[in-house]
Amino acid sequence: NGGVRRIRFLEDMTAAILSNNRLHAPFGLAGGEPGAMGRNYVERIDGSVQELGPQDSAQLHPGDVFVVETPGGGGYGAR
C-alpha cells in the first residue's frame with residue numbers, strides 16, 4: 001500500500017519533487033494486477049488544487065499544503 005504525506009508550508013518557498021509511477025502503474029508479477037499510481041499536488045490556501053507531474057516544482061506560500069501520494073505495489077499471483 002502507498003502512503004500519503006502532507007506538508008504544510010509556513011513561509012514562501014519553492015518545493016520540488018522527483019518521483020516514479022505517476023504515469024504508469026507499478027506492474028504485477030505472475031498474473032498479479034498492477035498497483036495504484038501515485039499523485040503529487042498542492043492544496044492552495046484558497047481551496048484550489050494544483051496538480052504536479054512526476055518531476056516538477058511549485059512556488060508555495062504560507063498555508064499551502066504539498067501532498068505526495070506514493071504508489072502501491074503491484075500484486076503477485078493470479079486470483
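Colleague: Where does proline 26 fall in this predicted model, buried or exposed?
Modeller: This is a predicted model, in which local features need pLDDT of at least 70, side-chain atom pairs count only at pLDDT 80 or more, and totals for chains, interfaces and linings use all residues. A residue is called buried under 20% relative accessible area, exposed over 50% and partly exposed in between, with a 1.4 Å probe and protein chains only. Proline 26 has a relative accessible area of 12%, so the word for this residue is buried.

Colleague: How far apart are the C-alpha atoms of proline 26 and glycine 72?
Modeller: Proline 26 belongs to the loop between strand S2 (13-18) and strand S3 (39-43), where strands (E, at least two residues) and helices (H or I, at least four) are DSSP runs numbered from the N terminus. Beyond its neighbours within four places in sequence, the contacts of proline 26 include Pro71, Gly72 and Gly74, a contact being heavy atoms within 4.5 Å. Although proline 26 and glycine 72 are 46 residues apart along the chain, the separation of their C-alpha atoms is 7.3 Å.

Colleague: How many salt bridges does the structure hold?
Modeller: A salt bridge is counted when a side-chain nitrogen of Lys or Arg is within 4 Å of a carboxyl oxygen of Asp or Glu. Glutamate 43 and arginine 6 form one of them, at 2.8 Å from N to O, and because glutamate 43 lies in strand S3 and arginine 6 in strand S1 (residues 4-8), this pair ties together parts that are 37 residues apart in sequence. Arginine 39 and glutamate 51 form another, at 2.6 Å from N to O, linking strand S3 to strand S4 (residues 49-52) across twelve residues. For the structure, the number of salt bridges is three.

Colleague: Over the ring of which residue does the charged end of arginine 39 sit?
Modeller: Arginine 39 is partly exposed at 32% relative accessibility. A charge sits over a ring if NZ of Lys or CZ of Arg is within 6 Å of the ring centre and within 35 degrees of the ring normal. The charged end of arginine 39 meets this rule at 3.9 Å from the centre of the ring of tyrosine 41.

Colleague: With which residue does aspartate 64 form a salt bridge?
Modeller: Aspartate 64 is found in the loop between strand S5 (55-60) and strand S6 (65-69), and with a relative accessibility of 1% it counts as buried. A polar atom of its side chain lies 2.9 Å from the backbone nitrogen of histidine 61. The salt-bridge partner of aspartate 64, with the closest N and O atoms 2.8 Å apart, is arginine 44.

Colleague: How many residues apart in sequence are the parts that aspartate 64 and arginine 44 tie together?
Modeller: Both aspartate 64 and arginine 44 are buried. Because aspartate 64 lies in the loop between S5 and S6 and arginine 44 in the loop between S3 and S4, the parts tied together have a sequence separation, in residues, of 20.

Terms used: Residues are numbered from 1 along each chain as its sequence is written. Side-chain values use heavy atoms; hydrogens and water are left out. A polar contact is a pair of N or O atoms within 3.5 Å; within protein, one must be able to donate a hydrogen and the other to accept it, and residues adjacent in sequence count only if both atoms are side-chain atoms.
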